[in-house]
Amino acid sequence: MKILTIILFTALFCASCASGQKDSANDSEVMRLSSANSFFKVGKFFAVNLDSNPTTGYEWSATDYDKNIIELVDVKHTPTNTGRVGTGGVTELKFLAKASGKTGLKLIYSRQWEKDVKPIKEVAFNINVE
């Protein structure tokens, strides 16, 4: 059941991302991570957008990746309804492709202070930097 939940979540996440979508914010090109196996060029930025609600104490964090190949450079949350307290939204994790190579990337949705509790959501990717 847990595997089915992870597969379903990953499929829904991948379907919600536009492949190759660019963000011109801050005059830099940001590619959206859109599949479990993704390719990026050295020096380019890429981002992952995930549904979240930090008012519940849960937040997305990046784990299990080679920091010599990719670097987490920014995490920001954008509420979907700015007129209401406690509303959910989208968290964007922005990375820089630093060096050529391959690395896994696991994103977990958890409460950081709960040490012996499994994350309620996990997403995994294979990142290839050329």
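**Labels and their grounds**

Author: The protein has 1 helix and 9 strands. The model is predicted. From the N terminus on, the order is α-β-β-β-β-β-β-β-β-β.

Reader: How do you know which element has the lowest mean pLDDT and which the highest?

Author: Helix α1, residues 2-16, has the lowest mean, 39. Strand β8, residues 101-110, has the highest, 96. pLDDT is the predictor's confidence on a scale from 0 to 100. The protein averages 80, and 76% of the residues score at least 70.

Reader: Over which residues does pLDDT stay under 50?

Author: Over residues 1-28. For this stretch the model has 37 contacts beyond four places in sequence.

Reader: What share of the contacts with a separation of 6 or more comes from residues 24 or more positions apart?

Author: The share is 62% in this protein. As for burial, 33% of the 130 residues count as buried.

Reader: Why is Phe-40 called buried?

Author: Its relative accessible area is 7%. Buried means under 20%. Phe-40 has 7%, so the label buried applies.

Reader: What makes Phe-46 count as buried?

Author: The same cut-off of under 20% is used. Phe-46 has 0% relative accessibility, therefore Phe-46 counts as buried.

Reader: How many aromatic pairs does a search of the whole structure find?

Author: It finds 5. One of them joins Phe-40 and Phe-46.

Reader: Why is the pair of Phe-40 and Phe-46 called stacked?

Author: Two values decide. The centres must lie within 6.5 Å, and for Phe-40 and Phe-46 the value is 4.2 Å centre to centre. Planes under 30 degrees apart count as stacked. Here the angle between the planes is 15 degrees, so the pair is stacked.

Reader: Which residues do ring pairs link into a cluster?

Author: Phe-40, Phe-46, Tyr-65 and Phe-95.

Reader: How many cavities of 30 Å³ or more are there?

Author: The count is 1 cavity. The largest cavity holds about 30 Å³ of space.

Reader: What makes a residue part of the lining?

Author: A lining residue has an atom within 4 Å of a point of the cavity. Tyr-58, Ser-110, Arg-111, Glu-114, Val-117, Lys-118, Pro-119 and Ile-120 line the largest cavity.

Reader: How does that lining divide by class?

Author: It has 4 nonpolar, 1 polar and 3 charged residues. Tyr, Val, Pro and Ile count as nonpolar. Glu, Lys and Arg count as charged.

Terms used
Residues are numbered from 1 along each chain as its sequence is written. This is a predicted model: local features need pLDDT of at least 70, side-chain atom pairs count only at pLDDT 80 or more; totals for chains, interfaces and linings use all residues. Side-chain values use heavy atoms; hydrogens and water are left out. Helices (H or I, at least four residues) and strands (E, at least two) are DSSP runs, numbered from the N terminus. Contact means heavy atoms within 4.5 Å. On a 1 Å grid over the protein atoms alone, a cavity is a set of points where a 1.4 Å probe fits but cannot get out, and a pocket is an open set with protein on both sides within 12 Å along at least five of seven lines; lining residues have an atom within 4 Å of a point. Grid points are joined across faces, edges and corners, and a volume is the space filled by probe spheres set on the points. Rings of Phe, Tyr and Trp (its six-membered ring) pair if their centres lie within 6.5 Å; planes under 30 degrees apart count as stacked, over 60 as edge-to-face and the rest as tilted. Buried means under 20% relative accessible area, exposed over 50%, partly exposed in between (1.4 Å probe, protein chains only).
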